[in-house]
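Have a look at the structure first.

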Amino acid sequence: MIDRVLAKEIRQRTKKCGYTFIEQFRPDLEGIHAAQSIGSLASLRFGENLSHLVPRAKISSTPNTYSGIYGTNDFPFHTDLAQWRTPPRYLLLRCIVGFLEVPTLLVDGHSLMREAGQEIITRALVRPRRPVNGKVPLLKLFQPNAFGGVLRWDEKFLRPGSPIGEHGVREFGKAIEQCVPIVRSLLKPGDTLIIDNWRMLHARAAVPADCNARHIERTYLESLS
Amino acid sequence: MKQTHTPGDIADNWNADAIYAKAERYVQKMQTTEVDSWEYALWSSLSLELLARAALANVNPVLLAETGKNWDSLYQSLGYTPKAERFSPKSISTNEVVSRLRSIFEGFTTDDEKFCIRHTGKRNSELHSGEAAFEGVDKANWQAEFYVTCSSMLATMDMSLADFIGAEEAAVAEKIIAAWTDSSAKAVLGDVEAYRKVWNDKDAGEREGLVAAAKAWASRQWGHRVNCPACTTVALVQGEAVSDPTQSLKDDEITETQHYLPNQLECIACGLKVSGLSKLTAVGLADRYKKTQVYDAAEFYAPEDEWGDYEPDNNER
């Protein structure tokens with residue numbers, strides 16, 4: 001566990017800005033232990049919570065992943081697991097090997113909503129591009145809830161699900177095109193980015209050939225300590 | 001003690017957010033059709049049913065599950081996976097859904113319930129019979145009530161009409177509701193005036209007889225006594241309970257009180273009948289009333305006696 005002061009700072013900063021960056025946070029710890037010291041791990045329906053994100057060429061990946069779709073090119077802005085009814089609340093990215101040339105980009109989804117039209121985004125329905133557990137759920141781009149709401153966005157994995165959905169997806173896409181992103185580079189071992197996945201969109205810059213050694217650990221948290 | 005069999009996510013067929021999203025999808029589809037067309041009315045009825053189900057699931061998904069023949073649907077609505085072969089979830093009927101909403105939420109009135117039953121009934125005729133139930137139906141006959149009922153359902157989820165149909169359309173809906181309320185009030189006031197005229201035309205002897213009969217009738221019936229807005233004779237208002245009963249004990253007597261919201265008036269002297277809270281509002285008889293019943297404490301707490309009509313058991317006789 002981290003000390004109370006740091007825990008409080010992370011909670012407050014993440015609530016205020018939608019993300020928190022901690023430089024060289026406990027590089028001595030295993031990834032999963034580092035994540036557990038910051039919050040409670042989310043229970044996922046499949047696989048391990050900890051994933052190792054390394055650049056992959058399109059050809060060596062599968063089309064159900066961003067690497068299979070975009071390869072080492074830019075990954076577009078998205079929220080993780082947007083096709084789930086309740087995506088994981090927080091996303092934690094932790095640097096093992098980093099490069100200045102491959103920053104993580106962030107944008108505040110709430111600003112994008114205001115830009116695109118709050119009412120439209122709240123009424124916009126979307127659906128996953130393929131069934132989830134054999135069903136095609138209808139989802140809202142912004143689903144209000146007791147914690148403020150869940151904003152979801154994925155231009156590949158989500159499709160419009162209603163007339164307002166078409167409109168909302170179009171307007172939100174336009175707002176993304178016009179946004180000025182926050183740039184955060186995970187450079188040194190332990191550099192950690194905690195992202196509110198119900199609010200912030202994130203993206204990855206293209207990976208130049210000489211940065212192929214980039215290695216980031218990703219974990220999902222359901223709450224912060 | 002530790003729970004060893006924990007539930008997972010609630011399946012979409014019981015999930016309030018999922019059901020609401022579908023209601024929203026249908027209402028958006030409705031908004032793409034011509035307002036005077038049968039398709040507009042059909043989509044509105046489909047959306048209405050889902051909105052009702054979302055409102056009930058938002059209280060608890062379990063309330064939607066059909067529990068008649070087996071418990072598999074109930075079990076699934078709790079977040080578990082039934083083991084039954086070829087399991088197909090079953091939910092309660094729309095009529096039952098709106099009946100439960102009326103029982104749970106004070107703001108969801110008998111008028112709302114009746115409209116839901118009527119509108120979804122037409123939907124059934126449209127979908128399951130050769131009847132073109134929505135063809136030629138004037139929107140003036142249902143649109144305002146549709147919006148009023150949607151508002152009542154949305155309020156149970158802390159939402160507004162603007163959240164559901166958009167701010168622009170909600171502003172139009174408010175005007176439609178205001179106009180309908182006004183015309184509805186005028187209609188009922190017209191009825192009251194007509195009954196008053198007929199009453200005043202009766203001779204004094206006949207009126208006296210009817211007043212006496214009405215007093216005797218009212219004293220024998222359950223209901224809240226009021227003065228008839230047409231003839232001023234004692235009339236009865238009936239309603240729906242809108243609060244939990246509260247009991248107090250004094251001198252071996254239990255006094256039970258409960259608040260009711262009126263939904264119909266009947267006067268047997270002049271024959272006036274008014275049905276629905278909105279119409280009772282127009283004649284000034286929509287105030288809540290309190291029903292008080294007094295029981296003997298022993299009677300109130302006594303266990304139910306299957307042979308209560310007989311003397312106590314006595315095998316000596």
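How many residues of chain B are in contact with chain A? In this predicted model, 21 residues of chain B are in contact with 14 residues of chain A, contact being heavy atoms within 4.5 Å.

A word on bookkeeping: residues count from 1 along each chain as its sequence is written, and chains are lettered from A and ligands numbered from 1 in the order in which they are written. Local features need pLDDT of at least 70 and side-chain atom pairs pLDDT 80 or more, while totals for chains, interfaces and linings use all residues; side-chain values use heavy atoms, with hydrogens and water left out.

**The interface**

About 1300 Å² is buried between chain B and chain A, with carbon and sulfur atoms giving 49% of that; buried area is the accessible area (1.4 Å probe) that two parts lose on being put together, summed over both. In chain B, Asp17(B), Arg25(B) and Gln28(B) lose the most area to chain A, together 38% of what that side buries.

Eleven residue pairs, both at pLDDT 80 or more, are in polar contact between the two chains (a pair of N or O atoms within 3.5 Å; within protein, one must be able to donate a hydrogen and the other to accept it, and residues adjacent in sequence count only if both atoms are side-chain atoms). On the side of chain B that touches chain A, α1(B) gives the most, with eleven residues; helices here are DSSP runs (H or I, at least four residues), numbered from the N terminus.

**Salt bridges**

The whole structure has 22 salt bridges over all chains, and two of them cross the interface of chain B and chain A. The rule asks for a side-chain nitrogen of Lys or Arg within 4 Å of a carboxyl oxygen of Asp or Glu. Here are two examples.

| Asp12(B) | Arg85(A) | 2.9 Å |

Key
Helices (H or I, at least four residues) and strands (E, at least two) are DSSP runs, numbered from the N terminus.
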